[in-house]
Amino acid sequence: MYSPEILLTAVLNGLMTGAVYALIAVGLTLVYGVLHIINFAHGATLTAAMFAVYVLHAAFGLDPYLAMAVTVPGFFALGYAVQRLVIGPASHGDDGNILLVTLGLAIIIENALLVVFRSDTRSIDVPYGFAVIEVGPLFLSLPRVIAVFVVLLVALLLWLFLARSTTGQAIRAVAKEKMGAALVGIDVGHIYAVTFGLGAACLAVAASLLMPTFLVNPRIGNAFVLVAFTIVVLGGMGSIPGALLGGLFIGVVESLSGLFMGESLGQIGIFLIFILVLLFRPTGLFGAKA
Amino acid sequence: MSALRPYRAILLALALLALLPVLFTTGTVRNFLIFTLIVALAAQGWNLLGGYGGQFSFGHASFFGTGAYAIAILQARAGLNPWLALPVAVALGALAGAVIGTLAFRARLRGSYFALVTLAFAEVLRIVANVLPITGGAAGTLIRLNVDPLNFQFADRAHFYWVTLVFLGAAMVLVRALERGRFGARLVAVRENEDAARALGVDVLRVKIVAITLSAAITAVAGCLYAQNFLYLDAAIAYGPWISVEALLAPIIGGLGTVFGPLIGALVLHGLGELTKVWIGALTGGSVPGIDLVLFGILLIATVGFAPRGILGLVARLRMLPA
C-alpha cells in the first residue's frame, strides 16, 4: 500500500516533530513533578514565545535560533515571576485553584495576543527554511534535524543541572518531600518559581525550533498543549525520560495516523491514546508508581 | 404557599428578568440577553457537577454540542419537529454525560485528571464532528428559516428570550430542589470529603454518575436553544473549548455551588465584557477582538485568589444580604 520510503519518511518526520513535542512536554512534566500542578497556561506560553521570536525577527532581523539568547532568559524570568506573584498567591496551595488560575492565565495570554496581533497567521522567512539534507534515499528538512539535536542538548543540560547543581538537588528534594525540604532550609517558594521558570525556558527553546518551519497565530498553542498533556500522561506524570520517549512516540503516531487517516483525523489517534491511558493506566506507560 | 417558599427568590428573579425585553426593545440588546441566558443555562449544568459535586469539568462542550447537533440534525435531516426533537436531544446529551462520567469516575479520575479527560473527550467529538457527513462536516449544519412558534422560531426576539428564560427557570428550580433533597446532601458530601462520604454509606460512584448525567442534560438544553437561536452550527461552535470555558467561568465568578451563581456570573461577565468592548472600541476607533476575554481571565484569577465564593460570597460578606 505504501512504499517503505514513504513509511520511513513518515516515521522520521514523526520523530523530528516528536522531538519538539518532547521538549514542550518536558517543561510541562517538570512543573508537574515538582509543583504537582497541571499548568494549563503551557500552550499559551508557547504561543507567546513564538510571537516573541517572530517580533524579534520582524523588528530587529534577529535569526530565530539566535533569538534564544533573549527569549530563554526572558521566559525564565517571566515564568519565575508569574509563579511567585500570581499562581502562588492566588491559588492558596489548592490543586483545583491552581488549575483555574493557570486556565485564567491561558485565557489572558491567548486573548492579549489576539488583541495585539489579531487572528492573522504569521510566519518567518529564513533562507534555510526549506533547506534539506540528503541521507541515502531520504530528504530531511534541515531545521527539523537541527531541532532534534537542540532538544537532545537541552535534555542533557537539564539532566546535568538537576543531577549535579545545588539548585537541581534542591528541586529534586522539593519534588520528593516538600515539607522535609523546607525543614532543611530550602526556600520552597523560590524552588517552585525556578522550576516554573525552567518550564517556560523550555518553551522559549521550542518556539525558536518551531518558527523557521512553522506558523504562529494566537491560538496555535492549543494544538500543542493537548499533545503535550498526552505525552506527559503517557510518559508518567513528572517523568522527564518518560516525556522524551513519549514525545517521540506521539510524533510518530501523529505522522503515521496522518498518513493513513488524513490530516484532519490524524490528531484523533493522539486524543484516543490520551483518554485510554488516563482511563486505564493513569500512571503512564513508563511511570512505575502514582 | 409554604411549599413555594424555597423557590420564592428564583421566581422573583425570573419575574424581574422577564421584564427586561419590555425595557430594552432593540434587537442588539435582546440578542445579548438571549445569549447571556443560554450561557447561564449551560453554566447551571456545569454548576451542578462542579459547584455542588466538586468535579471540575473542562469539557462541558461535549454535552452542549451533543444537544445542539442532535436537535439540528433531527430537524434538518430527519424533518422532526424541533419541540419533539428537544427531549431526544437532551436525552442524548445526558447519555453522553453518563458514558463519559461512568468511564472517568470508574477509573477514579478526579481533580486535574478529570478536567483533562473531559477536555479530551470534547476535543475528540469536535474533530469527529468536523469530518462526519451527518454533521455537515466543516461546512456545518444549517436549520432552515421557517418562522413559526410551532417550529421553535419566533418573529419577536422577546418571545425567544422568554422561552429561554422558562428553561433557565426550570433548571434553577430543579437545582434548588436537588440542593434541598437527599441527593444534594450526598453530592455536597462527596465534594467535601469523598472518603468520609463513603464511610457514611454514600454510593460515591453512583452519586457522581447521576450528577454528571443531570449536569449534561441541563447543558444539552442550552445547546438546543443555541442551535434554535442561531440556526447554524459547526464543530468549533458546538464542541469548541469556548463553551466549556464559559460554562465554568460563570458559576465560579458568580458563586460556586449556589443556585444563583451561574446566572449572576453570566450577567456580570457578559455585561462587563460588552461594556469593555464598547469602551475600548470607542477609544481605539475599531473593534478589538479578545479584549473581553482578557478581562474574563483576570476576573477568574482574582475570584479564585480573593473571593473563592464568588460575587455572592462577596455580597454575603458585605452583609448586603442576610446569609
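What follows is a conversation about the labels given to this predicted model and the values behind them.

Trainee: What makes chain A as compact as a globular protein of its length?
Mentor: Start with its make-up, which is 11 helices and four strands. The radius of gyration of chain A is 19 Å, and the globule rule gives 19 Å for 290 residues, so chain A is as compact as a globular protein of that length. Its C-alpha atoms fill a box of roughly 60 × 45 × 35 Å along the principal axes.

Trainee: And how many of the residues of chain A count as buried?
Mentor: The share is 52% of the 290 residues. A residue needs 20 or more other C-beta atoms within 10 Å to get that label. As for contacts in chain A with a separation of 6 or more, 77% of them join residues 24 or more positions apart.

Trainee: Which residue classes are found on the side of chain B that touches chain A?
Mentor: The contact takes 32 residues from chain B and 34 residues from chain A. On the side of chain B, the elements giving two or more residues are α5 (112–129), α11 (241–254) and α13 (291–306) of chain B. By class, that side has 25 nonpolar, six polar and one charged residues.

Trainee: Now the helix pairs. Why are α2(B) and α9(B) called roughly antiparallel?
Mentor: The axes of α2 (residues 27–52) and α9 (residues 204–230) of chain B cross at roughly 170 degrees and come within 7 Å. Angles over 145 degrees count as roughly antiparallel, and α2(B) and α9(B) therefore get that name. Their crossing is left-handed. Among the residues making the contact are B:Ile34, B:Ile38 and B:Trp46 of α2(B), along with B:Leu214, B:Ile218 and B:Tyr226 of α9(B). By class, this contact has 16 nonpolar, five polar and no charged residues.

Trainee: How do you know whether α2(B) and α11(B) are parallel or perpendicular?
Mentor: They pack at an angle of about 70 degrees, with their axes 8 Å apart. The range from 65 to 115 degrees counts as roughly perpendicular, and α2(B) and α11(B) are therefore roughly perpendicular to each other. The residues that meet include B:Val39, B:Ala43 and B:Asn47 in α2(B), and B:Ile243, B:Glu246 and B:Pro251 in α11(B). This contact divides into 10 nonpolar, four polar and one charged residues.

Trainee: What makes α11(B) roughly parallel to α14(B)?
Mentor: α11(B) and α14 (residues 310–317) of chain B pack at an angle of about 5 degrees, and their axes are 3 Å apart. Angles under 35 degrees count as roughly parallel, which makes α11(B) roughly parallel to α14(B). Here B:Ile252, B:Ile253 and B:Gly254 in α11(B) meet B:Gly310, B:Ile311 and B:Leu312 in α14(B). The classes come to four nonpolar, two polar and no charged residues.

Trainee: Let us turn to single residues. Why does B:Val202 count as partly exposed?
Mentor: B:Val202 has 18 C-beta neighbours inside 10 Å. Buried needs 20 or more and exposed needs 12 or fewer, so with 18 neighbours B:Val202 is partly exposed. Its place is in the loop between α8 (194–199) and α9 of chain B. Not counting residues up to four places away in sequence, B:Val202 touches B:Arg186, B:Ala189, B:Val190, B:Ala197 and B:Val207.

Trainee: What makes A:His36 partly exposed?
Mentor: A:His36 has 14 other C-beta atoms within 10 Å, and therefore has that label. A:His36 lies in the loop between α1 (4–35) and α2 (42–60) of chain A. Its phi is positive, about 55 degrees, although A:His36 is not a glycine.

Trainee: Where is B:Leu231?
Mentor: B:Leu231 sits in the loop between α9 and β2 (232–233) of chain B. B:Leu231 is not a glycine, yet has a positive phi of about 60 degrees. With 18 C-beta neighbours inside 10 Å, B:Leu231 counts as partly exposed.

Technical notes
Residues numbered from 1 in each chain as written. Chains lettered and ligands numbered in written order. Predicted model: local features only at pLDDT ≥ 70, side-chain atom pairs only at ≥ 80, totals over all residues. Contact = placed C-beta atoms within 7 Å. Nonpolar A, V, L, I, M, F, W, Y, C, P; charged D, E, K, R; others polar. Rg over C-alpha atoms; globule rule 2.2 N^0.38 Å. Axes fitted to C-alpha atoms, helices over the stretch in contact; angles between N-to-C directions. Left-handed = near helix turned anticlockwise from the far one by under 90°.
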